[in-house]
Structures are given as structure tokens and as C-alpha cells.
Amino acid sequence: MQLNQPDAPPLRKLGRVAAGLSMLSANLLGASAALAQNDSDGEPQIALMKEPAPGPETFVYDASVLFYKESGSRVQAIEPVFTIQNYQADGSIISGSFTFDSLTGATPNGATPSTLDQTFNSIVREKTTSTQVTSTGASGGGTVTTIPGTAYAKSTYSVPANTLPLASFHDHRFAGTGGYSWLTNPDTRLNAGLGASVERDYTSFTGNFGIARDLNQKNTTLSLAINLEEDISRPYNGTPAPFEDLNSQIGGGHDTRTTYGVLAGVSQTLTRFWITQINLNLSGSKGYQSDPYRVLSVVDPTSGGPLNYLFENRPRNRTRESAYWGNKLALGPTVADVSVRYYHDTWGINSLTTEVSEQVPLGGSVYIKPLYRHYHQSAANFFAYYLVSSSALPAFASSDSRLSRFSADTIGGKIGVRVFKTGEFYIEGESYRQTGARTVAGAPGQLSGLDLFSGVHATSVMTGLRLRM
Amino acid sequence: MVLTTHFAAMGSPCEVQVDCTDRAIAARIGAAVEAEARRIESKFSRYLPDSVVGQINALAGTPVTLDAESRLLIDYAAHCHAVSDGLFDITSGILRRAWTFDGSDRVPDAAQVAALLPLVGWGKVRWQDGVLTLRPGMEIDLGGIAKEYAADMALRRARAESDVPVLVNFGGDLCVSGPRADGGRWRVLIDAVEGAGDETAAAAWLEIETGAITTSGDARRYVERAGRRYSHILDPRTGMSIVGAPRAVTIAAPTCVEAGVMSTLAMLQGTGCEAFLKQEGVTAWVIR
């Protein structure tokens with residue numbers, strides 16, 4: 001059989017479909033040839049998206065477990081988290097998460113170390129002794145003895161010389177959140193959420209409402225959100241009065257704190273390979289902000305030895321401001337995240353966080369994502385490692401290392417593997433190390449030679465499975 | 001004198017014919033054409049998980065931003081969908097799951113096809129500003145475009161190397177730079193209507209002077225049941241086999257991409273194939 005092209009070039013009087021195809025094909029090849037000349041080889045074939053959201057009628061499940069451990073027999077935590085998101089056909093998203101934490105270990109009780117053994121006696125309500133957090137001391141055996149004829153018991157634990165005093169604890173936390181997000185028009189998304197977290201001595205409720213609007217063909221997104229939080233603190237031994245002595249019979253019941261926050265953000269696609277985001281956050285909280293188990297040592301002005309221990313006292317108001325600038329950059333096949341955050345609060349803490357991470361595909365369905373984060377903060381203006389008995393009590397004081405001046409470096413990495421076509425299995429590890437001043441200039445007596453810094457070195461590993469179906 | 005380079009790419013035997021006596025030029029053109037074929041195969045094959053198409057399919061449900069060349073091809077597919085009133089559809093490949101073209105009489109039932117239809121249809125895809133979002137479970141397949149595009153682009157590469165006459169033939173999708181050096185036609189053997197078993201026409205000689213020629217249809221791929229032949233070409237709007245489709249349609253057009261989509265559309269007309277081609281005024285050969 002033979003197929004011959006007609007001798008004369010065919011008279012191309014084309015129908016609607018053929019004429020359309022003819023024009024489209026010429027355009028395609030012309031444009032492709034122009035591209036080849038412009039040498040677009042360096043351009044990634046698939047670039048990242050501003051909102052990598054799954055399509056409608058999809059469920060996304062994510063189950064993970066976080067293992068967290070601080071060195072020096074401090075806090076250990078195991079935290080399984082389960083989240084579910086349902087993307088509906090009308091663009092709305094229903095989401096929920098559930099967490100159950102188990103925390104054990106020991107945390108600094110706030111007192112300074114001493115060259116002598118130290119004994120901490122606290123008076124606790126007897127009916128609570130079965131759940132008393134400091135029923136055993138981390139650095140020594142602890143006892144609880146009933147004080148006859150009263151509703152109180154005395155809890156005692158000892159800490160050896162030259163050791164940072166720690167109080168052991170064991171707690172569980174249940175937390176859950178639920179959210180709903182919906183479109184009021186194709187460019188405007190509203191979202192609302194509620195959350196609750198329950199520990200034996202602490203309960204927290206949160207609520208938030210936000211609006212996000214896409215402009216400029218979705219290249220710009222403006223968002224505004226408000227959130228509310230109500231915390232209820234129910235310490236086992238009651239809420240101590242400011243600077244109350246550790247040995248006193250505590251009369252206070254529960255106390256509360258209310259926090260209001262507002263967040264404004266703008267996210268902008270600058271090029272197909274660069275998305276930038278700026279968030280401004282302002283929040284104010286009122287109420288009980290102290291740690292009801294944390295004390296300060298009152299030391300002798302000459303020897304530096306502890307005389308007694310007073311519960312800490314923090315201001316009841318705190319206003320926080322922060323500014324965040326984040327960038328997502330597609331560099332060849334890799335995606336880099338670079339961000340910086342500045343924070344300021346009325347307690348005098350200023351901090352700067354810088355973070356760099358880069359997702360690198362390793363071929364096939366595996367990627368790695370190394371991460372580095374540096375954090376530095378100044379001390380709260382009422383931070384003190386200890387109080388001196390000869391000086392008047394300050395208005396506020398706390399020895400919590402999280403309120404001290406310190407730096408922290410985090411090195412981490414994540415490995416993800418695509419599984420079951422739409423799923424991902426991942427393992428993330430992070431090593432976090434705080435560094436701060438270990439000694440205080442002009443510290444009295446023995447304290448000048450002791451390491452006062454109680455910052456942590458923590459390691460965490462998280463492993464999880466994310467499935468989209 | 002015609003110097004020919006052979007290689008296999010995109011699941012097909014490929015050849016480049018160069019009408020000259022200089023083996024160095026022929027080798028250079030052959031290498032350029034093969035490189036372009038392999039580049040496009042690795043970028044757009046749905047069988048390769050790292051290709052653009054492989055990634056788009058793996059990320060179905062997630063918006064992905066495409067590079068400029070991929071955008072052009074997806075735009076082309078989208079326009080072909082519009083111009084053909086939905087008949088040409090790069091999301092229809094998923095219907096393969098219901099059909100098994102093994103020459104047996106296994107015909108999928110309506111429920112099987114109906115279950116796949118929610119995942120078929122370009123209208124269910126979001127394609128805006130270079131961002132493509134498939135619904136979860138959907139797939140695209142540039143099978144009807146990519147090989148033809150590769151042939152056209154490879155010919156352009158060849159012409160950039162030298163102005164000697166060249167013919168590119170990627171598995172029956174062929175295009176030429178123009179007439180041969182002596183002003184004559186190219187003569188190519190194509191597997192247009194490879195053995196239905198009972199037919200004598202196993203191949204065809206094809207002559208071409210300018211432009212491109214492509215062929216759709218493959219007699220081996222059918223399902224026969226109760227004396228009725230179900231072709232391998234499926235209507236993306238119903239998921240059902242086209243009744244009365246010819247065994248092969250060969251189209252001549254200025255470019256392979258144009259001829260390729262036209263031949264697919266002609267097959268999809270079924271019994272109306274010849275009338276459609278006549279109405280559209282394209283040069284075509286229909287084998288029934």
C-alpha cells in the first residue's frame with residue numbers, strides 16, 4: 001500500500017477544529033523554540049506553591065510521636081500527636097488534632113546550688129499528697145509526713161552539695177484542637193478554631209478567628225487573626241502568695257490568666273521561585289504568670305549560703321510584640337526556608353531567632369532537610385539567680401533560666417520518604433543547646449565559684465506518617 | 001544519499017534520515033535529534049516518576065507550578081480540549097484501568113467505568129497562571145502530544161545543526177525539513193496498520209515532501225465481544241469505547257503536534273471519521 005502526499009501542496013481550507021489546531025500548534029512550537037534560545041535549563045521544572053493544599057474531598061492523616069529528652073536526667077517526654085484534615089468539595093477544611101503527653105523527670109526548682117547539702121521542706125495540703133509533684137526529689141530521697149491535727153503535710157527532699165536543685169515530677173497532658181475554615185468567596189477564607197489542654201494542675205482553653213484574602217491573582221495574601229487564651233492554674237499545694245516562704249502553709253486556691261492576641265500578615269509571591277511572608281504579632285496577657293513551684297534562694301550577703309527560699313513573683317501583666325520575616329526559595333531542585341524573627345516584651349526580653357533549612361531531594365522518593373536555628377535573648381529586667389538577705393525585696397523576681405540572657409543553637413534534620421504513592425514517612429531529629437552566663441560578677445561568698453546557669457541541652461526525635469487519601 | 005541513525009526512545013523505534021554524503025554531519029544531526037528525543041522523554045514520560053508528568057501525577061491534589069516549557073504543553077492540551085469540545089483530554093488515560101486490551105473479550109462493566117469517571121475530565125483540573133492542580137487520584141498523560149512534540153522539536157534541532165535535508169521518524173510520527181536534496185520526496189516504511197492477523201496490509205510506504213505525517217490507531221489493541229470490535233480509543237466524556245472507529249487514521253499537516261491531535265480526534269469520531277476529516281479539510285488516509 002502506498003500513501004502519497006498530493007502533488008500540489010494541499011489547499012488548506014480548514015474546518016473549525018483543524019484551523020484551531022493549526023494555530024495552536026504553530027504557537028506551541030514557536031514558543032518552545034524561543035524558550036530553547038533563552039536557555040531555560042536552569043529553571044526548575046516543578047516549582048513550589050504558596051499553598052500546597054490537597055484537592056477537594058481529601059482526607060489528610062498525620063500520626064507522629066515525639067520523643068524529647070533533656071540531658072542530666074531532666075525532663076523526658078513522649079508525645080503522640082494525631083491530626084486529621086478533611087478538604088471538602090466547597091473549599092472548606094475541617095481539621096482536628098489530639099495529643100497525649102507523658103512527662104517525667106526533674107526540673108530546676110529555682111534555688112541556687114550550695115557548697116552544703118540543701119533540704120527543701122514544703123507544706124502541702126494533705127489530701128493532695130498522693131499527687132504531690134515533689135513527693136520525691138530528683139537528687140535525693142523525699143518524704144511526706146502528716147502534720148498531726150491539721151489538713152497539711154510536710155514534704156521534704158534533699159539535694160547534695162554543689163548540685164543544681166531539681167524537683168522531680170510526673171505529669172500527663174491531654175490536648176485537642178478543632179478548626180473549620182471556609183471560603184466566603186473564591187478569594188476570601190475565614191477560619192475559626194477552638195482548643196483545650198488539660199493537665200492535672202493546669203487547664204488551658206484557646207479560641208481563634210481569622211480572615212485571609214487573596215489579591216493580585218493570588219500572588220498576595222493578607223491575613224488578620226485574633227486569638228484568646230484562658231489559663232487556669234491549680235497548683236497541688238495551692239497558689240503561693242508573691243515571695244511567700246517555701247515553708248509556709250499556702251492559702252491561695254487557683255488563679256487564672258487571660259491572653260488576647262492579634263496577628264497581621266502578608267504573604268507575597270515575588271517570583272516563581274521566591275515567596276516571602278511578613279507577620280506582625282501583638283499580644284497582651286493579664287493574670288497569674290508565675291511558676292507556682294519555683295522558688296528563689298535568699299542568700300547570706302557574706303557567705304553566699306542559702307538562708308531560706310521564697311516563691312517567685314512575676315508581673316501580672318505582659319505585652320509581647322514580634323515581627324517575623326520568612327522566605328521560601330526554590331533553588332534548582334531544592335527548597336530553602338530562611339527566616340528571622342524579632343521579639344520584644346514589657347518584661348524587658350528582646351530576642352532574635354534566625355533559621356535556615358533546606359529540603360534536598362535525594363532522587364527517587366527520598367528527601368532530606370537539614371536545619372540550623374540560632375536564638376539569642378536578653379534577660380527579663382527582674383531576672384535574678386538569687387536574692388540577698390541584706391537587700392530590700394525587689395518588686396518582682398524569678399530565677400527561671402528561660403527569663404535569663406542566653407543563646408540557643410539548634411541543629412536538626414529531617415528525612416522523608418514517599419510511601420503508598422500519596423503518603424510520607426518522616427523522621428526528624430533536633431539537638432538543642434542553651435548557653436548562658438554561668439557565674440554572676442560579684443556574687444557573694446560560695447556563689448562566686450558555683451555554676452548557676454540551669455539552661456538545658458535537649459535532644460528530640462519525632463517520627464510520623466502522613467497519608468493523603 | 002541518505003544516511004540514517006537509528007535509536008529507540010519513547011517506547012518506539014526512532015530514526016533520523018539525513019540526505020547528504022558527509023557522515024560527520026549526519027552523525028552530528030543524529031546525535032542532536034536523539035538528545036532531544038531523550039530530553040523530552042525524560043521530561044514528559046508518565047512512566048518516569050521524576051519526570052514532570054510523573055511528579056504532577058504523584059502530587060495530584062497539590063498545586064504545582066510548572067516550568068515554561070511544561071506550561072506551553074499543558075496550555076496546548078487545554079486548548080485542544082476546548083477546540084475539540086472535550087474530546088481530546090489528557091486526563092483520560094486513567095480509563096485504561098477498566099480496559100485490558102489483550103485481544104480477549106474482557107469488556108469492563110459500566111460500574112467499573114463509572115467509578116473511574118470522577119477522575120477523568122480536564123474540567124475537573126485547576127489550571128491557572130502556570131499552576132496545575134489535579135484532583136487526588138487523577139493523572140495526566142501526554143501520550144497524544146509528547147512524541148509528536150519531540151519529533152517537531154528534534155527537527156528544529158537538526159536544522160540548527162545544518163541545512164541539509166532531514167527526516168525525523170519517531171515511531172510513525174514523522175516530519176521533514178523539506179524536499180530531498182534532488183527535490184524529490186522522502187519514502188518511508190511505516191507500521192501504520194500492523195497486522196490484524198487476517199489482513200495483508202502489514203505496513204505502508206509513505207511518501208512525504210514537506211511538513212509532517214502522523215498515524216493513530218493500532219489494530220492489535222481492541223476488545224472483540226459478540227462480534228463487535230471495541231477500539232482502544234475511549235471517549236473521555238463517557239469512558240466508553242468509540243464504536244466504528246477506523247483501524248488507523250493517517251494525517252498530513254505542517255507539524256507533528258497538529259497532525260497528532262487531528263488523527264486522535266478523527267479516530268474519536270468513530271463512524272463519522274471520514275465525514276469529519278472531509279469537513280475539516282485535512283489531508284488524510286483512513287484505513288478500516
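Let's start with chain A, where 64% of the contacts between residues at least 6 apart in sequence join residues at least 24 apart; contact here means heavy atoms within 4.5 Å. Before going on, the ground rules: this is a predicted model, in which local features need pLDDT of at least 70 and side-chain atom pairs count only at pLDDT 80 or more, while totals for chains, interfaces and linings use all residues. Residues are numbered from 1 along each chain as its sequence is written, chains are lettered from A and ligands numbered from 1 in the order in which they are written, and side-chain values use heavy atoms, with hydrogens and water left out.

Okay, chain A. There are one helix and 24 strands; helices (H or I, at least four residues) and strands (E, at least two) are DSSP runs, numbered from the N terminus. Of the 469 residues, 41% are buried. Buried means under 20% relative accessible area, exposed means over 50%, and partly exposed is in between, with a 1.4 Å probe and protein chains only. The chain exposes about 22,700 Å², and carbon and sulfur atoms supply 61% of that. Those areas come from the Shrake-Rupley method with a 1.4 Å probe, and for residues only the protein chains shown count as cover.

Now have a look at strand S3 of chain A, residues 58–70, which is where Ser64(A) is found. Is Ser64(A) buried or exposed? Ser64(A) is buried, at a relative accessible area of 10%. Skipping its neighbours within four places in sequence, Ser64(A) has contacts that include Glu79(A), Val81(A), Tyr426(A) and Met462(A).

Asp62(A) sits in S3(A) too, and Arg466(A) makes a salt bridge with Asp62(A), with the closest N and O atoms 3.9 Å apart. For a salt bridge, a side-chain nitrogen of Lys or Arg has to be within 4 Å of a carboxyl oxygen of Asp or Glu. Arg466(A) is in strand S24 of chain A, so the pair ties together parts that are 404 residues apart in sequence. Asp62(A) is buried at 13%, whereas Arg466(A) is partly exposed at 34%.

Staying with chain A, there is a nonpolar patch on the surface: Phe67(A), Ile78(A), Phe420(A), Phe425(A), Ile427(A), Val461(A) and Leu465(A), with about 620 Å² of accessible area together. Patches are made of residues with over 30% relative accessible area and no salt bridge; like charges are joined within 9 Å, and nonpolar side chains (Val, Leu, Ile, Met, Phe, Trp, Tyr) within 5 Å. Strand S23 (423–436) and strand S24 (457–468) of chain A are the elements that give two or more residues to the patch. Phe420(A) is in the loop between strand S22 (406–419) and S23 of chain A, and Phe420(A) is exposed, at 65%.

One more item for chain A: a salt-bridge network links Asp291(A), Arg294(A), Glu312(A), Arg314(A), Asp400(A) and Arg402(A). Over all chains the salt bridges come to 31.

Two strands pair if DSSP finds at least two bridges between them. S1(B) and S2(B), residues 12–19, pair over eight bridges, with His6(B) standing opposite Glu15(B) in S2(B).

Glu36(B) is buried at 3%, while Arg39(B) is partly exposed at 27%.

Asp173(B) lies in S7(B) and Lys147(B) in H5(B), so the pair ties together parts that are 26 residues apart in sequence. Both Asp173(B) and Lys147(B) are buried.
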